[in-house]
Amino acid sequence: MGPSVVWVLLLAGFLLSAGCIGPLQQWGEETTFRPKATSFDPATLKHEQVAVLNAVVGFGLEGFAHQVSRSLSSALDQRPTLITALPVHEALNRINRGELGEEYAAMVADYVRTGILNRAGLQKIGQAIHTNYVFQPSLASFNQSMSGRFSFFGLRVLQTRVTMLRMSLQLWDTRTSEIVWESSGEATLAGEDVREFRIPFDEIARRLWTHMLDDLFKDLPAE
């Protein structure tokens, strides 16, 4: 058996074994939190619904807006004993049924410019969706890059996909128009595989939301 045949067999065995064990992943994240408002008791969230609003996203990321909000709802649904979340689609339906679509759009446009959900608009939205608190998620950046680490006769065998995600989350009181809690986070996921492998955006975002929400719920024991 010639050397070239041996190398081909070794490579085939490597590809099969790597394909069986799946991708190797490294996850890193960093989060920052603003202290909760002194007037806010997170325990109140256990007794009422909290609505998720449509996400505000950076330029060129408009297609991810619904996924950002949906992944936040998914992260909240993992803690049913601590909070009941009103998903974004139902919140938007209630806003539309209340004929507040234009007012909501104007409020969001002001928020993009000023970082403030104006008092009059937020109070009307809260009454229309029947919630005293709303989550306002934001997506600042999302990038994916791919680089080859090893190739054989022009075939890329090992490749590294690096995903970077930056998001922020605010909890607003619709009655007082105050931010009662907020957090921001950045996550980096690096994975190596012999195959084309892409982790869904929703899963990466949900994982980061879950870590960010740990601060909000850390003093609330599950029932």
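A salt bridge is a side-chain nitrogen of Lys or Arg within 4 Å of a carboxyl oxygen of Asp or Glu. The structure described here is a predicted model, in which local features need a pLDDT of at least 70, side-chain atom pairs count only at pLDDT 80 or more, and totals for chains, interfaces and linings use all residues. Residues are numbered from 1 along each chain as its sequence is written, and side-chain values use heavy atoms, with hydrogens and water left out.

## Salt bridges

Side chains of opposite charge can pair when their charged atoms come close. The structure holds 12 salt bridges, and the table lists some of them.

| glutamate 182 | arginine 34 | 3.7 Å |

The salt bridge between glutamate 182 and arginine 34 links distant parts of the chain, since glutamate 182 is in strand S7 (residues 178-193) and arginine 34 is in strand S1 (residues 24-34), 148 residues apart. Helices (H or I, at least four residues) and strands (E, at least two) are DSSP runs, numbered from the N terminus. To describe how far a residue is covered, buried means under 20% relative accessible area, exposed means over 50%, and partly exposed lies in between (1.4 Å probe, protein chains only). By these cut-offs glutamate 182 is partly exposed, with a relative accessible area of 22%, and arginine 34 is also partly exposed, at 33%.

What separates aspartate 110 and arginine 113 in helix H4? These two residues are 3 residues apart in helix H4 (residues 101-114), and so they are separated by about one helical turn. Aspartate 110 is partly exposed, with a relative accessible area of 28%, whereas arginine 113 is exposed at 63%.

Glutamate 203 and arginine 206 are likewise 3 residues apart, here in helix H6 (residues 201-217), and are separated by about one helical turn. Glutamate 203 is partly exposed at 35% relative accessibility, while arginine 206 is buried at 17%.

## The sides of helix H4

An α-helix has 3.6 residues a turn, so residues three or four places apart point the same way. Helix H4 has 14 residues and reaches 20 Å from its first C-alpha to its last, which is close to the 20 Å expected at 1.5 Å a residue; the expected span of a helix is 1.5 Å times one less than its number of residues. Within H4, Tyr104, Met107, Val108 and Tyr111 are buried. These residues cover an arc of only 95 degrees around the axis, which puts them on the same side of H4, where the arc is that of the directions from the helix axis to the C-beta atoms. On the other side of H4, Glu102, Val112 and Arg113 are exposed. Glycine 115, whose phi is positive and near 80 degrees, follows H4.

## Aromatic rings

A pair of aromatic rings is described by the distance of the centres and the angle of the planes. Rings of Phe, Tyr and Trp (its six-membered ring) pair if their centres lie within 6.5 Å, and planes under 30 degrees apart count as stacked, over 60 as edge-to-face and the rest as tilted. The structure holds 4 aromatic pairs. One of them joins phenylalanine 64 and phenylalanine 142 edge-to-face, at 5.0 Å centre to centre with 65 degrees between the planes. Phenylalanine 64 lies in the loop between strand S3 (56-57) and helix H2 (65-77) and phenylalanine 142 in strand S5, so this pair ties together parts that are 78 residues apart in sequence. Phenylalanine 64 is partly exposed at 22%, whereas phenylalanine 142 is buried at 15% relative accessibility.

The rings of phenylalanine 142 and phenylalanine 201 have their centres 4.8 Å apart and their planes at 85 degrees, so this pair is edge-to-face. Phenylalanine 201 lies in helix H6 and phenylalanine 142 in strand S5, so the pair ties together parts that are 59 residues apart in sequence. Phenylalanine 201 is buried, with 6% relative accessibility.
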